[in-house]
Amino acid sequence: EWMASIHPDDRPEFESRLMAHLQGETELFTCESRQRHEQGHWIWIRDSGRIMKRREDGSPLRLFGTTQDIHSARQAQQERDALSKLFAKVLDSATEQSIIATNAEGVITVFNAGAERMLGYTAAEMIGKETPARIHLREETRARAAALREATGKALTPLEAIVLESE
């Protein structure tokens with residue numbers, strides 16, 4: 001009866017993981033699946049369990065487990081995924097604008113189709129691999145670093161020279 005409450009699309013994975021644990025192939029059973037709620041709709045749950053003791057023949061004697069409602073977290077993740085896809089589509093449709101973003105270390109994390117078209121690099125070449133220093137002329141970067149060093153009294157990296165505003 002319990003297995004009948006698991007969504008038909010999720011049953012094969014659930015059964016596979018459960019059998020692997022029951023047969024001693026895994027130390028812990030965990031599985032996220034949809035379960036029919038008593039009101040008839042589907043909710044996401046995470047089942048976790050462990051065989052605490054086995055009989056002499058290896059069959060389970062004592063099991064311990066929990067079921068956790070993760071429906072809200074799964075819905076929130078689906079919403080984040082949808083927004084991320086929308087954001088990517090908006091960036092890629094901006095072919096007349098170069099849009100580039102970096103993480104805190106200065107490594108490029110966004111490089112849209114407009115940046116590809118205008119600068120001649122592909123997103124695959126830039127994202128996660130380069131900083132904006134790659135797309136600036138070294139002479140200009142050095143000149144800017146020198147001017148900012150004079151204005152601030154600080155020695156700057158090429159990336160800092162690109163992004164730092166002089167006061």
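What is the volume of the largest pocket? In this predicted model, where residues are numbered from 1 along each chain as its sequence is written, local features need pLDDT of at least 70 and side-chain atom pairs count only at pLDDT 80 or more, whereas totals for chains, interfaces and linings use all residues. Side-chain values use heavy atoms, with hydrogens and water left out.

The largest pocket has a volume of about 160 Å³. A pocket here is an open set of points on a 1 Å grid over the protein atoms alone, with protein on both sides within 12 Å along at least five of seven lines, and lining residues have an atom within 4 Å of a point. Of the 15 lining residues, L18, F29, S48, G49 and G65 are the closest to the centre of the largest pocket. Two or more lining residues come from each of α1, β2 and β3, and β3 gives the largest share, five residues. By class, the lining holds seven nonpolar, six polar and two charged residues, with Gly counted among the polar ones.

Turning to the fold, three strands form an open sheet in the order β1-β2-β3, with antiparallel pairing. Strands are DSSP runs of E with at least two residues, and helices are runs of H or I with at least four; two strands pair if DSSP finds at least two bridges between them. The edge strands, β1 (29–36) and β3 (60–69), each pair on one side only. Neighbouring strands of the sheet are turned by 30° against each other on average, direction ignored. Eight bridges join β1 to the antiparallel β2 (residues 42–54); T30 stands opposite S48 in β2, and E32 stands opposite R46 in that strand. The hairpin of β1 and β2 has five residues between the strands, and there G40 takes a positive phi near 105°.

Side chains alternate along β1: F29, C31, S33 and Q35 point to one face and are buried (under 20% relative accessible area with a 1.4 Å probe, protein chains only).

Helix α2 (residues 71–93) lies across β1, β2 and β3 and runs at about 125° to β2.

Notes
Axes are lines fitted to C-alpha atoms, for helices over the stretch in contact, and angles run from 0 to 180 degrees between N-to-C directions. Contact means heavy atoms within 4.5 Å. Buried means under 20% relative accessible area, exposed over 50%, partly exposed in between (1.4 Å probe, protein chains only). On a 1 Å grid over the protein atoms alone, a cavity is a set of points where a 1.4 Å probe fits but cannot get out, and a pocket is an open set with protein on both sides within 12 Å along at least five of seven lines; lining residues have an atom within 4 Å of a point. Grid points are joined across faces, edges and corners, and a volume is the space filled by probe spheres set on the points.
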